[in-house]
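The sequence and coordinates come first.

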Amino acid sequence: MPIQYLGGKARLAKRIAAIVDAERVLGEAAWDLCCGSGRVVAALSDRGPRYGVDVVPSLIALLCEVRDGIFVPPAEVTREQYAELKARALANPLDDDPLLAFAGFGLAFAGMWFQGYASNARGDDYLGAATRNCARARARLVGVEFVCEKWQTMIDRISGTVYIDPPYANTAGYAAAPPHDPVAFWRDADALVERDGVRAVFVSEYQAPAHWEECARWEGQKAINRGTRVEKLFTREVK
């Protein structure tokens, strides 16, 4: 999708989308409530409305501009320019300039929000890769409605089938988003399951409360450290 993103589902997006889509009926909405770089919501079928929700204003602005074909990636982002963008982002987390998300995730080490200017000994072209990704992403984002809001504040608007990829418990967060409270998250996810009009809820995490059922798992390489990790997808029966 438009940018690399720590915790993004580049490798798993199509598999997750297939599981979510299998629960949808024709015309039913699908919601990606922590959409990040938009990979999963873009992979969902257009058999019904698709919504991507995230709390980072510049990220939602970037996704909307890429979708609408109006985002123009910069020809160059020097280390000095990157540092200036980082200072702006840290000074005002509500700044909705899409260039902040483009640089803050797409040009940062491992897709971590402004955590160092991405470079390596091979001389990989991170700016070129992010620019090409924007061009490729547009067609898959057409038709997706993006919302910049904390999803817990809009539960009454959510119906159909839901996917959530929250910050994982006991992992590093980033300054662009509020701190993640795993206990509160699962309480809110339970409330969503019990809401009238919601058909199914799926959550990506490493672990879940006992009353949530693991419905898929994938083992893969860690993005930063050596070793492997097991990504799991959980669901809970809607009463």
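## Basis

The model is predicted: local features need pLDDT of at least 70, side-chain atom pairs count only at pLDDT 80 or more, and totals for chains, interfaces and linings use all residues. Residues are numbered from 1 along each chain as its sequence is written, and side-chain values use heavy atoms, with hydrogens and water left out.

## Aromatic pairs

The structure holds 9 aromatic pairs (rings of Phe, Tyr and Trp, the last by its six-membered ring, with centres within 6.5 Å; planes under 30 degrees apart count as stacked, over 60 as edge-to-face and the rest as tilted). The ring centres of F105 and W113 are 4.8 Å apart and the planes stand at 50°, so this pair is tilted. Both F105 and W113 are buried (under 20% relative accessible area, with exposed meaning over 50% and partly exposed in between, for a 1.4 Å probe and protein chains only).

W186 and W212 form an edge-to-face pair, with 5.1 Å from centre to centre and 65° between the planes. This pair links distant parts of the chain: W186 belongs to helix 7 (residues 182-193), and W212, 26 residues away, to the loop between strand 5 (198-205) and strand 6 (213-221). Helices (H or I, at least four residues) and strands (E, at least two) are DSSP runs numbered from the N terminus. W186 and W212 are both buried. Ring pairs also join Y82, F105, W113, F114 and Y117 into a cluster.

## Nonpolar cores

The largest nonpolar core has 45 residues, and F102, L107 and F146 have the most contacts inside it. Such a core is a set of buried Ala, Val, Leu, Ile, Met, Phe, Trp, Tyr and Cys residues joined through side-chain atoms within 4.5 Å. Helix 3 (residues 57-68) gives the most to this core, with 6 residues. Leaving out residues up to four places away in sequence, F146 touches C35, V41, G52, I60, L63, C64, R67 and L141 (contact means heavy atoms within 4.5 Å).

A second, separate core has 23 residues, including A29, I155, V201 and F234.

## Helix 6

Helix 6 (residues 126-141) has 16 residues and spans 22 Å from its first C-alpha to its last, close to the expected 22 Å (1.5 Å times one less than the number of residues). The helix bends by about 30° at A135, where the bend is the angle between axes fitted to the seven residues ending there and the seven starting there. Helix 6 is followed by G143, which has a positive phi near 95°.

The buried residues of helix 6 are L127, G128, A130, N133, C134, A137 and L141. They pack against helix 2 (39-43), helix 3, helix 5 (98-104) and strand 3 (144-148). G128 has a relative accessibility of 11% and so counts as buried.

## Helix 7

Helix 7 has 12 residues and reaches 16 Å between its first and last C-alpha, close to the 16 Å expected. A184, F185, W186, D188, A189, D190, L192 and V193 are its buried residues, and what covers them includes strand 4 (160-164) and strand 5.

At the N-terminal end, D181 caps helix 7 through a side-chain oxygen 3.1 Å from the backbone nitrogen of V183. A polar contact is a pair of N or O atoms within 3.5 Å; within protein, one must be able to donate a hydrogen and the other to accept it, and residues adjacent in sequence count only if both atoms are side-chain atoms.

## Individual residues

F114 lies in the loop between helix 5 and helix 6. Most residues other than glycine have a negative phi. The phi of F114 is positive, near 50°. F114 is buried, with a relative accessible area of 1%.

T161, in strand 4, is buried with a relative accessible area of 0%. The T161 side chain makes a polar contact of 2.8 Å with the side chain of E28. Beyond four places in sequence, T161 has contacts that include V20, E23, R24, A29, W31, R199 and F202.

C215 is in strand 6 and, at 34% relative accessibility, counts as partly exposed. The C-alpha atoms of C215 and L233 are 5.7 Å apart, although the two residues are 18 residues apart along the chain. Neighbours within four places aside, C215 contacts F202, L233, F234 and T235.
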